[in-house]
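Colleague: I'm new to this one. Can you walk me through it?
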Amino acid sequence: MTTPTNGIFAGEVEQVDIDSLHLDPSNPNEREDVDDIRASLIEFGQHKPVVAQRSSGRIIIGNHTWQAAKLEGWTQVQALLVDDDDLKAIRRGAVRLWTPS
């Protein structure tokens, strides 16, 4: 796995079985519309990976993308699997929440 030495990329993207990942029940992000993401997946495909905790399969970033892919019947998604403990996973997800749109 690639380590984040320059702050640009935090690892390698992998093709994973969609059912090996699961939603984060504490995900507070309700801004995104799953139907809009679904339409984007249909038109363009997946152009950014979901980010998930390797040890648990819990999605840290990309819950709505995963839901949209599931609705489309996808069996696999692109994912960045990270070796975060629970605290680091929360911090990683929080950065996503506070990034301006």
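Colleague: Is Arg-58 buried or exposed?
Modeller: Arg-58 counts as buried, because its relative accessibility is 14%. Buried means under 20% relative accessible area, exposed over 50%, and partly exposed in between, with a 1.4 Å probe and protein chains only.
Colleague: What kind of model is this?
Modeller: This is a predicted model, where local features need pLDDT of at least 70, side-chain atom pairs count only at pLDDT 80 or more, and totals for chains, interfaces and linings use all residues. Residues are numbered from 1 along each chain as its sequence is written, and side-chain values use heavy atoms, with hydrogens and water left out.
Colleague: Back to Arg-58. Where is Arg-58 placed?
Modeller: Arg-58 is in the loop between E2 and strand E3 (59-61). Helices (H or I, at least four residues) and strands (E, at least two) are DSSP runs, numbered from the N terminus.
Colleague: Which side chain does the side chain of Arg-58 make a polar contact with?
Modeller: The side chain of Asp-24, at 3.3 Å. A polar contact is a pair of N or O atoms within 3.5 Å; within protein, one must be able to donate a hydrogen and the other to accept it, and residues adjacent in sequence count only if both atoms are side-chain atoms.
Colleague: What else does Arg-58 touch?
Modeller: Leaving out residues up to four places away in sequence, its contacts (heavy atoms within 4.5 Å) include His-22, Val-51, Gln-53 and Ala-89.
Colleague: Now the strands. Which way do E1 and E4 pair?
Modeller: Strand E1 (residues 13-17) pairs with E4 in the antiparallel sense, over five bridges. Strands pair if DSSP finds at least two bridges between them. Val-13 has Leu-80 in E4 as its bridge partner.
Colleague: And how do E2 and E4 run?
Modeller: They run parallel, joined by four bridges. Ala-52 stands opposite Leu-81 in E4.
Colleague: Why is E4 largely enclosed?
Modeller: Because five of the seven residues of E4 are buried.
Colleague: Which residues touch the most others in the largest nonpolar core?
Modeller: That core has 15 residues, and Val-16, Leu-21 and Trp-66 are among those touching the most other members. A nonpolar core is a set of buried Ala, Val, Leu, Ile, Met, Phe, Trp, Tyr and Cys residues joined through side-chain atoms within 4.5 Å. Helix H1 (34-44), strand E2 (50-53), helix H2 (63-71) and strand E4 (76-82) each supply at least two of its residues.
Colleague: What about a second core?
Modeller: A separate core of five residues includes Val-51, Ile-60, Leu-80 and Ala-89.
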